Amino acid sequence: MSNDHLKLYESSGSPNSRRVRIFIAEKGICVSRVPVDLGAKEQFSEAYVKINPRQVVPTLVLEDGTAIGEVPAILRYLEEAYPGTPLLGTSPADKALVTMWERRMELEGFAAVMETIRNKVPGLKGRAIAGTHGYEQIPGIVERGYQRIADFHADLETRLGEAPFVAGDRFSAADITAVVAIDFAAKALALPIPDGNSATRRWYDKIAGRPSFAA
């Protein structure tokens, strides 16, 4: 599904950008991708700040120039503008459950990984929280973060022992957020899926087999 009027400002190394890329790939939507070089600090450039004053990626820019930041807002727009292949639920109850589980994956998994990395990596000194304000790193948050990630893996294993996908019987945005969190923890913190988490491993292998996984 082609749409040359949509522009996605994103970074290949950004896990939030990857969440949107997977969602777009699952939907089969073609958008113009505009790379933002985080290593070169392009997110702080005058040109990008005009697009997203919060100085983070990704940002989806519509044909009329409307700029949508924040992953849940971008996903909501894409879901409603391109309703084929629903990833945020179908019935009112299903939509609520997908939102609930995606929120849990973000708070308990994705946020735990991100706060650990941002408080640990030397290159993010003074940037412990993304956004327009500078915050110093807190070593204690790193220690807590490792525990949070361990708890996330344990809780996810329990959930995936109950259902084939995070939000129930079908693949959804909740799975996207969870798998991106897992991959980033493994890559940036050397915290892969624990040995013995067989339900999570089965689920992960199914997700990894989807074409969108490489987005």
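Trainee: Does Glu-10 count as buried or exposed?

Mentor: Glu-10 has a relative accessibility of 4%, so this residue counts as buried. The terms rest on relative accessible area, found with a 1.4 Å probe on protein chains only: under 20% is buried, over 50% is exposed, and partly exposed lies in between. Please note that this is a predicted model, in which local features need pLDDT of at least 70 and side-chain atom pairs count only at pLDDT 80 or more, whereas totals for chains, interfaces and linings use all residues. Residues are numbered from 1 along each chain as its sequence is written, and side-chain values use heavy atoms, leaving out hydrogens and water.

Trainee: With which residue does Glu-10 form a salt bridge?

Mentor: A salt bridge places a side-chain nitrogen of Lys or Arg within 4 Å of a carboxyl oxygen of Asp or Glu. The partner of Glu-10 is Arg-33, and their closest N and O atoms are 3.3 Å apart. Glu-10 belongs to strand E1 (residues 2-10) and Arg-33 to strand E2 (residues 30-35), so the bridge ties together parts that are 23 residues apart in sequence. Such labels come from DSSP runs numbered from the N terminus: helices are H or I runs of at least four residues, and strands are E runs of at least two.

Trainee: How many salt bridges does a search of the whole structure find?

Mentor: The search finds 16. One of them joins Glu-26 to Arg-210, with 2.8 Å between the closest N and O atoms. This pair links distant parts of the chain, for Glu-26 is in helix H1 and Arg-210 is in the segment after helix H7 (198-208), 184 residues apart. Glu-26 is buried at 15% relative accessibility, while Arg-210 is partly exposed at 27%.

Trainee: Which parts of the chain do Glu-115 and Arg-144 tie together?

Mentor: The side chains of Glu-115 and Arg-144 meet in a salt bridge of 3.2 Å, N to O. Because Glu-115 lies in helix H4 and Arg-144 in helix H5, the bridge ties together parts that are 29 residues apart in sequence. Glu-115 is buried at 18%, and Arg-144 is partly exposed at 46%. Salt bridges can also form a network, as those linking Arg-19, Glu-102, Arg-103 and Glu-106 do.

Trainee: Where is Thr-132 found?

Mentor: Thr-132 is in the loop between H4 and H5 and is partly exposed, with a relative accessible area of 40%. Thr-132 is 79 residues from Pro-53 in sequence, yet their C-alpha atoms are 7.7 Å apart in space.

Trainee: How many aromatic pairs does the structure hold?

Mentor: The structure holds three. Rings of Phe, Tyr and Trp (its six-membered ring) pair if their centres lie within 6.5 Å; planes under 30 degrees apart are stacked, over 60 edge-to-face, and the rest tilted. Phe-165 and Phe-171 form an edge-to-face pair, with 6.4 Å between the centres and 90° between the planes. Both of these residues are buried. The centres of Tyr-204 and Phe-213 are 5.8 Å apart and their planes are at 85°, so this pair is edge-to-face. Tyr-204 and Phe-213 are buried too.

Trainee: Which residues line the largest cavity?

Mentor: On a 1 Å grid over the protein atoms alone, a cavity is a set of points where a 1.4 Å probe fits but cannot get out; a pocket is an open set with protein on both sides within 12 Å along at least five of seven lines, and lining residues have an atom within 4 Å of a point. Points join across faces, edges and corners, and the volume is the space filled by probe spheres set on them. There is one cavity of 30 Å³ or more, and the largest holds about 30 Å³. Its lining consists of Ile-22, Glu-26, Phe-171, Ile-176, Val-179, Ile-207, Arg-210, Ser-212 and Phe-213. H1 and H6 are the elements that give two or more residues to this lining.

Trainee: What volume does the largest pocket have?

Mentor: The largest pocket has a volume of about 1,200 Å³. Of its 43 lining residues, Asn-16, Val-56, Met-114, Arg-118 and Ala-130 are the closest to the centre. Two or more lining residues come from each of helix H1 (15-27), helix H3 (71-81), helix H4 (92-120), helix H5 (139-160) and helix H6 (173-189). H4 gives the largest share, eight residues.
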